Amino acid sequence: MTTTDPDTEVGRDLLRFPPDFLWGSATASFQIEGATTVDGRGPSIWDTFAAKPGAVLGGDTGDPACDHYRRYPADVELMAELGLGAYRFSLAWPRIQPLGAGRVEPRGLAFYDRLVDELLGKGVQPVVTLYHWDLPQALEDHGGWRNRDTAYRFAEYAALAHERLADRVQLWTTLNEPWCSAFLGYANGIHAPGVVDPKASLEAAHHLMLGHGLAVEAMRAQAPADHRFSIVLNFCSVWVDDDASLDAARKVDGLQNRLFLDPLAGRGYPEDVVEDTAWLGDWTSVVRDGDLDVIATPIDWMGVNYYSPTRVAVADDPLVVSGGPFPGLRGVEFLPARGEVTGFGWEVDARGLTELLERLQRDVGLPLVITENGSAFPDVVEGGEVVDEARTRYLVDHLRAVHRAIAAGVDVRGYFAWSLLDNFEWAAGYSQRFGIVHVDYDTQVRTVKRSGRTLAKVIGANAVPAHGYDLP
Ligand code: FCB
């Protein structure tokens, strides 16, 4: 669908997006808010984890992050300047329920009230994620997501947060990337709460999915008809060099993608994944009658986070434990990235995104929204500007990849750049900058990067250039 734009002097080719395409940018509470001890906020697992020596690079913590808790009006102003139609952010559960259950902190809810009002006042649609990894520490003290009870606490919290914002927020996401919460949190422990227990991580995955289903049920029961509920998953396209490695790809695809997709689609947990992981012990014993129905409760859209493809090969020894976050994975070797990589070392290849979207259209059949996509590079501010050419290329190439999928018939409704602001990148602390807006952490000065200006032009044109990286 390449069209020549009659409005531009150069008549350059533009790839146009559907008229009501949702353009936005995304953040998460712990990564930007700072103010971790004010207004009655309880500690989260990330506060505890970041306080452990060696857990987070440079000993970085959630303070001050981007000080967004205090600076949100200026940040919303910036969104409006960029022309963002929507903003995806998460609520900090421990601000709203400091102990994760029971008592509600009115000052926590009031902050999100103010943020939502500010967004609406500037014509930016709020898209709320209920859980982006900052579990109240009090719940972790009782096992966190390893404990089935956490799923019920999550649904209670979801219902009360939804009730408060329901008159102004239509688009809701339960969990961000349960793969990360379960496997980075409890299998290899590189994320909070830092537990290394692969079998328990699969049980945690089930409790997360149960919490998702219970939360959707609870919110739907009280929601007006125009509310749209979703979950955000982090998918990867798994690539191999030879047929001998196809089974390795199946295993990784199973643990990364199908373990979450299949139960959502009502297919239960994939048998091959259950078999592959059985040597850890029977984690499926935590699945009770009725749980799979709860998880399969219908949702309205699926959030897709995509960064990079994953390359794997069959390992020489079929029983060698692959290590890393994939619980129970054996006989698989992860291959190094090829070609261009980001500052984080992640392979840059936008074809993985088109391939993924086409696959999700077939396997899921729900409207899709790209809820995160972006790249980290070590930016510098020079003369008041950040000329982030590599990120700009990444952005435009991935938007072309999204356009290609739409042209092939995939129902993609929106795109959210990760991230609005440079922020606390979890175990990497402040060392990785993903923002389309630069943040100087000493002065809290924001500088829109070239990638941010490019996104603003894309939004203005509702199109990306078919070639090159410049828009008029
Ligand atoms: C995703 C997370 C997000 C951010 C990006 C880089 O996995 O959802 O918070 O850290 O990766």
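Analyst: For sorting the residues of the site, Ala, Val, Leu, Ile, Met, Phe, Trp, Tyr, Cys and Pro count as nonpolar, Asp, Glu, Lys and Arg as charged, and the others, Gly among them, as polar. This is a predicted model, and in it the shell around the ligand divides into five nonpolar, three polar and three charged residues. The residues in question are Gln31, His132, Trp133, Asn176, Glu177, Tyr307, Glu372, Trp418, Glu425, Trp426 and Phe434. The space that the ligand takes is the largest pocket.

Taken alone the ligand exposes 300 Å², and the protein buries 94% of that.

One member of the shell, Trp418, leads on to the backbone, for the peptide bond from tryptophan 418 to serine 419 is cis, with omega near 5°. Serine 419 itself lies in the loop between β13 (412–418) and β14 (437–439). A cis peptide bond also joins aspartate 63 and proline 64, where omega is about -5°, and proline 64 has its place in the loop between α2 (45–50) and α3 (68–82). In the loop between α1 (29–32) and α2, alanine 35 has a positive phi of about 50° although it is not a glycine. As background to these cases, most residues other than glycine have a negative phi, and most peptide bonds are trans.

Turning to charged pairs, the structure holds 39 salt bridges, and one of them is formed by the side chains of aspartate 241 and arginine 338, at 2.6 Å from N to O. Aspartate 241 lies in the loop between β8 (238–239) and α10 (246–264), and arginine 338 in the loop between β11 (332–334) and α13 (351–363), so this pair ties together parts that are 97 residues apart in sequence.

Terms used: Residues numbered from 1 in each chain as written. Predicted model: local features only at pLDDT ≥ 70, side-chain atom pairs only at ≥ 80, totals over all residues. Heavy atoms only, no water. Near = heavy atom within 4 Å. Areas by Shrake-Rupley, 256 points an atom, 1.4 Å probe, with all protein chains shown as cover. 1 Å grid on protein atoms, 1.4 Å probe; cavity = no way out; pocket = protein on both sides within 12 Å on 5 of 7 lines; lining within 4 Å. Sits in = over half its atoms within 2 Å of the grid points. Salt bridge = Lys/Arg side-chain N within 4 Å of Asp/Glu carboxyl O. Helix = DSSP H or I, 4+ residues; strand = E, 2+ residues; numbered from the N terminus.
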